[in-house]
Amino acid sequence: MARPGDTLHLGKDKLTFLTTAAETDGAFVEVEVEYAPAVIKPPQHYHPRQTEHMRLQSGRLSLQLDGVLHEYEQGADFYIPPGAVHSMWNPGPEPTRVIWRTTPAYRTETVFETLWGLTNEGRLRPDGTPRLQMPLLALAFRDEYRVVTGRPYPLDTALCLLLSPLSLACGYRPTYRPPQNTATLQPTA
């Protein structure tokens, strides 16, 4: 479970939990993300029942939203509605800092910990897509995060259900907590 101040690292990117689901009784989770200029664009995805609110604190941000490219600069404030297919990245050349609120929270904290942790350890492809762990992640986080594959969602779900026993047999799990968080979880004086 994330706590305020817990930080995740992914290459030069950094995500810090500001307000957790526990503090808001599940109403929302809020993070600050510092993005380095993107080398690879993240995968197109959507959130079936969550709204994302972004406040751009510094830098620039590109957002591909339902096939339309939007460019934002410092001070921009925008929303991504539930079900909207999107991908977001820093077009460079300077770092970008975003305050990002996801409503309702659901298991978004665990999604961040899992996807950032696995990518950081090289266990996901550089574009953020998982290997054989995909069936477990897709099933575990189907309410929070769905990658666009080009196939109908029911077909993807059926494929994940068929492959998940193999994933489990290979030692994969549906969640992951990066070891780098353990230091921030220790009581401080």
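This is a predicted model: local features need pLDDT of at least 70, side-chain atom pairs count only at pLDDT 80 or more; totals for chains, interfaces and linings use all residues.
A residue counts as buried when its relative accessible area is under 20%, as exposed when that area is over 50%, and as partly exposed in between.

Side chains of opposite charge can pair when their charged atoms come close. A search of the whole structure finds 5 salt bridges. One of them joins arginine 97 to glutamate 32, with the closest N and O atoms 2.9 Å apart. Because arginine 97 belongs to strand β10 (residues 96-103) and glutamate 32 to strand β3, this pair ties together parts that are 65 residues apart in sequence. Glutamate 32 has a relative accessibility of 17% and therefore counts as buried, whereas arginine 97, with a relative accessible area of 28%, is partly exposed.

Strand β3 (residues 29-35) also contributes glutamate 30. The side chain of glutamate 30 meets that of arginine 55 in a salt bridge, at 3.5 Å from N to O. Arginine 55 lies in strand β5 (residues 51-58), so the pair connects parts that are 25 residues apart in sequence. Glutamate 30 is buried, its relative accessible area being 9%, while arginine 55 counts as partly exposed at 27% relative accessibility.

A further salt bridge is formed between aspartate 143 and arginine 49, whose closest N and O atoms are 3.3 Å apart. This pair links distant parts of the chain, 94 residues apart: aspartate 143 is in the loop between α2 (134-140) and β11 (146-147), and arginine 49 is in the loop between β4 (45-46) and β5. Aspartate 143 counts as partly exposed at 32% relative accessibility, and arginine 49 counts as partly exposed at 45%. Salt bridges that share partners also join Glu30, Arg55 and Arg101 into one network.

The description now turns to helix α3. This helix comprises 17 residues (residues 153-169); at 1.5 Å a residue they should span 24 Å, and the end C-alpha atoms are 24 Å apart, so the two values agree. The buried residues of α3 are Asp156, Cys160, Ser164 and Ser167. Among the elements that cover these buried residues is α2. Just after α3, glycine 171 takes a positive phi of about 95°.

Terms used:
Residues are numbered from 1 along each chain as its sequence is written. Side-chain values use heavy atoms; hydrogens and water are left out. A salt bridge is a side-chain nitrogen of Lys or Arg within 4 Å of a carboxyl oxygen of Asp or Glu. Helices (H or I, at least four residues) and strands (E, at least two) are DSSP runs, numbered from the N terminus. Buried means under 20% relative accessible area, exposed over 50%, partly exposed in between (1.4 Å probe, protein chains only). The expected span of a helix is 1.5 Å times one less than its number of residues. Contact means heavy atoms within 4.5 Å.
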